[in-house]
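Here is a short tour of a few local features, meant to be read with the model open beside you.

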Amino acid sequence: MNKTKDLFMAGLWEDNPVFRQMLGLCITLAITNKVANGVTMGVAVFFVLTASSFVVSLIGDTVPRRVRIPVFMLVIATFVTLVYIFLQAFFMPLSQALGAYVGLIITNCIILGRLESFSSENSPWDSLVDAAGVATGFAFALIAMSVVRELLGFGTLFGIQVMGPSWTPWVSMILAPGGFLVLGLLIWVQRAISPVEEE
Amino acid sequence: MNKLDELMSDVADYTKGHPYLQHITEVVETVRAIVFHHGEAASESPFLRDYIEIKRYMFAVVLAVLPATFAAIYFYGWRALAMIAISYVAGGIAEVTFTLVRKEEITEGFLVTGILFPLILPPSTPYWMVAVGIIVGVILGKEVFGGTGYNIFNPALVGRVFLTISFPVAMSSRWVPPLTGGWAGFTQYSVDTITTATPLGVFANSGTLAPLRELFLGTIPGCLGESSALLVIAGGIFLMLAKIVDWRIPVAYLGSVFLFSTLGMFLWPNQVAPPLFQLLAGGLLFGAMFMATDPVSSPTTKEGRWVYGVFLGVMTVSIRAFSGYPEGVQFSILLMNMFAPLMDEMVMTFRYGPVQKPYK
């Protein structure tokens, strides 16, 4: 049980994909200007990552090493397509807000990285826990960033006014510079809480 | 020794041994050192003929912007002074917090940033924006790089640009006309807000040029400290004569603006304003005298400084003429700050051969 917890917590905090591994930054910077977008992307990646991790851990031994990347991509693409169609069917406005970035989950290096380095060599249960940890860590990073950016940039959370009507929006927070600034500051906070051991 | 000096020295000695108060020892000693500048005397050669260090340096700059500060109060009322006070308090808290956490000495670098920052803001900037800007400037412009002396960018300009992109309405379209005649701003707290445009903004929109005499004296809307060209030039000349700043940077910067706007005026007469107007309008003089010459973020070699100044001029004229912003001084200086180390390295390579890398 302890091992399960450690695996999960590593993905969530110590090896957080965004704050520690610096992966998936393109999506992180692009869609975190609203909390709703961050939550949607977090859930979508959670589903894709856990599902494809599970599948890859089952077939990992039988896939020849030479063709493993195309096979992994096919598995990921299948689940991403499911998410994409699901969003279009039931959450059209969110799907439009995220635009191409849902489709681009296929190329997200967090997912391919977990499949390549963990799922293909570990048991289905461990892969599932690892994927859940990393995906939760990613969602955590997205939500943390989008809360700061939406709060300062629009004065709202989930579109609901929270900062009062006289709030002056910080336009830079909605734009790219705000994304970089908030990302840098949050990485700083995360590293201040648990410092990196320099090699 | 002065009585007050003795008292402060006693306070510092007392707090040093105290379990809780020892953290403020640094603060007391800094204030004491600022007020009663204790030059250190060497007992062996080499003997310095002139003892110049960061404290004296920073004080000279503060002294040099005082005329422009008085002009700011004269034109825009005592609110200008309130903005400076807020900048000092908010930025000072950020600065002291960092030095205490890092257990470093408090340096005087902030004294300059704290006064330059409000002087490059529009007179009607809300107080909380001043505080946000200076805190962002101190933390993101200086402390994240390691504190005074390690910053790549000019901290005051980092704060200014952050405000420019965050609050475009407050920072670029709410200009107020200056007060003139008699005691003007010395008898008022603030200017009743009447939105106007800066001379550069007017030129960008309609091509009308403000009279040079008004630009020179400062009776035109603009940022707090930049309006009066006369007093800014006076401060700049003082700094150059005192050898606090190198004359090469302002001369190269202003010269290249003159040259390239003369050139541009013939090539694109509708977009490039005439050279004298370019020199006197907006924040160019203030930037050239006080911001581009910042010893930390500008090149240290003579040749590097010439090149730096020339590129600054090209960029300022280009941004003014061809971009969406009527003023380009802040962006030019920040962009060129980034290239200052590269220019120094190129000069050194040219002079002494390839620079030895400390890393593999």
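In this predicted model, the buried residues of α11(B) are covered by elements of chain B that include α3 (54–76), α10 (212–217), α13 (275–280) and α14 (284–291). The buried residues in question are Ala229(B), Val232(B), Gly235(B), Gly236(B) and Leu239(B). They sit on the same side of α11(B) because their arc around the axis is only 130°. The helix itself runs over residues 229–241 of chain B, 13 residues in total, and its end-to-end C-alpha distance of 18 Å is close to the 18 Å expected at 1.5 Å a residue. After α11(B) comes Lys243(B), with a positive phi near 55°.

Now to the cysteines. How many disulfides does the structure hold over all chains? The count is 0. For Cys109(A), the closest cysteine sulfur belongs to Cys26(A) and is 9.0 Å away, which is too far for a bond, since a disulfide needs the two sulfur atoms within 2.5 Å. Two cysteines are set out below with their accessibility.

| Cysteine | Relative accessible area | Class |
|---|---|---|
| Cys109(A) | 39% | partly exposed |
| Cys223(B) | 3% | buried |

Finally, have a look at the largest pocket, with its volume of about 490 Å³. Its lining has 19 residues, and nearest the centre lie Leu181(A), Phe153(B), Val158(B), Val161(B) and Leu334(B). Both chains take part: α9 (176–193) of chain A and α6 (127–141), α7 (155–166) and α16 (329–352) of chain B each give at least two lining residues. The most comes from α9(A), which supplies 6 residues.

Key:
Residues numbered from 1 in each chain as written. Chains lettered and ligands numbered in written order. Predicted model: local features only at pLDDT ≥ 70, side-chain atom pairs only at ≥ 80, totals over all residues. Heavy atoms only, no water. Helix = DSSP H or I, 4+ residues; strand = E, 2+ residues; numbered from the N terminus. Expected span 1.5 Å × (residues − 1). Buried < 20%, exposed > 50% of the residue type's maximum accessible area, 1.4 Å probe, protein only. Arc of directions from axis to C-beta. Contact = heavy atoms within 4.5 Å. 1 Å grid on protein atoms, 1.4 Å probe; cavity = no way out; pocket = protein on both sides within 12 Å on 5 of 7 lines; lining within 4 Å. Points joined across faces, edges and corners; volume = space filled by probe spheres on them.
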